[in-house]
Amino acid sequence: MHTFPRLALATAAAAALTGGLLTFSAASATAADSFKVARADFNGDGIGDIATSAATSYVSGHKGAGQVVALYGSASGVTTAKRTTLSQNSAGVPGTAEAGDGFGYELAYADFNADGYDDLAVSSPYEKVGSDTNGGTVTLLWGSRSGLTGKGVDLKDPSPSGHDYWGLNLAAGDFDGDGKADLAVGSSAATLWVLKGGIASNGTPGGRYTVKPPIEPGSDASPYGPMNLTAGDVNGDGRTDLIVDGYETKTSRHWNTNYWLPGTSRGLTATGAKALKSGIVTGVGDINGDGFGDIVSGASWDTATDDGTAVPDSAKGGRVAVTYGSATGPAKATMFNQNSGNVPGTSEKGDGFGWDLDLGDINGDGCADLVVSTPNEDIGNNTNTGQVTVFYGSKTGINITSGAQSFAQSTAGVPGDDEKADLFGADVKLDDVTGDGRADLVVGSYENGGDGAVTYLPSNGSKITTTGSRALAASKLGVSTSGTPQLGALFAD
């Protein structure tokens with residue numbers, strides 16, 4: 001059986017249940033195109049779909065083998081009726097479900113073969129490959145008129161002896177601007193591999209190259225490397241850039257530092273990389289509608305900031321940094337927490353504000369809106385219950401003084417109840433799943449003792465509403481509820 005040395009999907013729930021500290025999620029980003037309502041479309045019907053995983057689920061009795069679930073959008077949003085649930089034991093999916101593989105640990109979508117249907121890249125970083133424990137695999141599941149049918153192919157690791165945990169991070173985008181979707185793949189090494197678009201049915205990419213951001217590498221025992229990869233066009237040149245969350249190598253303290261890597265006609269480059277504010281999860285979207293992607297990072301912990309300055313007690317509980325884009329890349333930056341402006345709630349130690357986030361245009365004004373999760377928020381006598389907060393973009397940037405919305409399971413109309421260790425907001429997604437051109441909100445949680453659930457909250461055209469909301473339980477989506485499958489702990493970007 002494989003172990004999970006940094007599978008945040010598993011340890012988050014464990015930390016909440018035991019009263020320990022949250023570890024950091026390798027979770028959300030936004031779609032590579034920062035200037036449209038983000039959506040995957042696996043079945044080509046023009047309505048957005050959602051992919052999520054249960055990477056620690058049992059499959060045929062194998063603990064932690066993992067499953068992925070595609071939820072197909074409709075005029076009424078996502079439901080339990082229109083979905084596909086797959087594992088490595090599903091017909092057509094490469095490999096075999098084994099204990100500890102973690103199939104679905106990371107997900108990324110794009111139309112990698114240019115057939116008009118989005119495909120899904122799925123990692124199993126703890127897969128044993130030959131004699132290489134934790135070698136890792138990355139599988140492409142092809143989209144079709146029927147959605148994700150299970151037909152797929154493994155993407156060969158170009159350097160199996162150079163790292164462990166192939167597929168520890170994934171991000172899709174057109175990094176060289178040639179009109180084809182590329183896939184960036186992380187591992188325990190600092191070096192990233194980019195598989196160029198036009199991926200053939202046998203898994204051969206259109207080309208491949210490496211890029212090495214200035215981050216701390218890892219090993220089999222301590223697989224640091226990149227903590228998260230996020231794609232988006234920050235400088236507005238029509239090529240996708242990449243944000244790499246990691247730990248810097250310039251000082252002996254190895255502070256958490258994120259880097260912007262620009263896309264060029266030759267692809268991603270570390271030349272000209274710019275250091276950003278700290279955070280483990282990042283999203284990119286055009287918050288102020290100026291045509292440049294803005295970078296939002298969440299730092300959900302209580303301790304020192306990225307420059308080593310201690311966080312005052314009044315600011316503990318997590319924070320979010322917004323770095324606005326420009327023609328030269330990242331420009332001015334601002335930070336806020338639950339004590340800023342009129343942000344709902346109060347900054348309290350251990351809240352985890354900024355654990356996850358995502359961007360999308362909820363009201364159709366051309367400015368990306370932001371959802372931020374606080375999964376360890378205590379509500380009433382229930383600890384680690386969780387809530388999510390929606391902030392709206394504007395021509396002057398993110399609005400934290402008015403209009404913010406906060407949702408918990410005790411909010412009128414939201415399915416379920418506030419319960420201990422639900423971690424409502426374990427992951428969040430803003431995607432248009434009704435086809436109306438407005439981003440809807442999807443929230444993952446550790447409902448029912450870690451089984452997990454996906455909660456759908458639609459946009460009414462101007463804001464997120466609870467009218468028409470629903471919760472999709474793991475047991476209704478074909479996910480085994482043995483152990484703690486943690487459905488909804490990760491959404492594809």
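**Close-up views of a predicted model**

Figure 1. Strand S20 (residues 319-326) runs antiparallel to S21, and 6 bridges join the two. Two strands count as paired if DSSP finds at least two bridges between them, and the strands themselves (E, at least two residues), like the helices (H or I, at least four residues), are DSSP runs numbered from the N terminus. With 2 residues between them, S20 and S21 form a hairpin, and within this pairing Val320 stands opposite Phe336 of S21. The model is a predicted one, in which local features need pLDDT of at least 70 and side-chain atom pairs count only at pLDDT 80 or more, whereas totals for chains, interfaces and linings use all residues. Residues are numbered from 1 along each chain as its sequence is written, and side-chain values use heavy atoms, with hydrogens and water left out.

**Figure 2. The open sheet S18-S19-S20-S21.** In this order 4 strands form an open sheet with antiparallel pairing. Strand S18 (281-285) and strand S21 (329-336) stand at the edges and have a single partner strand each, so one side of each is left without a neighbour in the sheet. On average, and with direction ignored, neighbouring strands of this sheet are turned by 20° against each other; the axes behind such angles are lines fitted to C-alpha atoms (for helices over the stretch in contact), and angles run from 0 to 180 degrees between N-to-C directions. S18 pairs with strand S19 (residues 294-299) in the antiparallel sense over 5 bridges, and Val296 in S19 is the bridge partner of Gly283. The charged end of Lys332 sits over the ring of Tyr324, 5.4 Å from its centre, where the criterion is that NZ of Lys or CZ of Arg is within 6 Å of the ring centre and within 35 degrees of the ring normal.

**Figure 3. Aromatic pairs.** The structure holds 5 aromatic pairs, counted when rings of Phe, Tyr and Trp (its six-membered ring) have centres within 6.5 Å, with planes under 30 degrees apart taken as stacked, over 60 as edge-to-face and the rest as tilted. The ring centres of Tyr105 and Tyr126 are 5.8 Å apart and the planes stand at 80°, so this pair is edge-to-face. Distant parts of the chain are linked in this way, as Tyr105 lies in the loop between strand S3 (83-86) and strand S4 (107-110) and Tyr126 in the loop between strand S5 (119-124) and strand S6 (137-141), 21 residues apart. Both Tyr105 and Tyr126 are buried, where buried means under 20% relative accessible area, exposed over 50%, and partly exposed in between (1.4 Å probe, protein chains only). Another edge-to-face pair is formed by Phe336 and Phe391, at 5.2 Å centre to centre and with 70° between the planes. Phe336 belongs to strand S21 and Phe391 to strand S24 (residues 387-391), so the pair ties together parts that are 55 residues apart in sequence. Phe336 and Phe391 are both buried. Ring pairs also link Tyr105, Tyr126 and Tyr165 into a cluster.

**Figure 4. Strand S27 and its partners.** Strand S27 (residues 440-445) is mostly covered, with 6 of its 6 residues buried. In the antiparallel sense, strand S26 (residues 427-431) pairs with S27 over 5 bridges, and Asp431 stands opposite Asp440 in S27. S27 also pairs with strand S28 (residues 453-457), again antiparallel and over 5 bridges, and here Leu441 stands opposite Leu457 in S28.

**Figure 5. The open sheet S8-S9-S10-S11.** This open sheet of 4 strands has antiparallel pairing. Strand S8 (169-173) and strand S11 (208-211) stand at the edges, each with a single partner strand, so one side of each is left without a neighbour in the sheet. Strand S9 (residues 182-186) and strand S10 (residues 192-195) pair in the antiparallel sense over 3 bridges, and the bridge partner of Ala184 in S10 is Val194.
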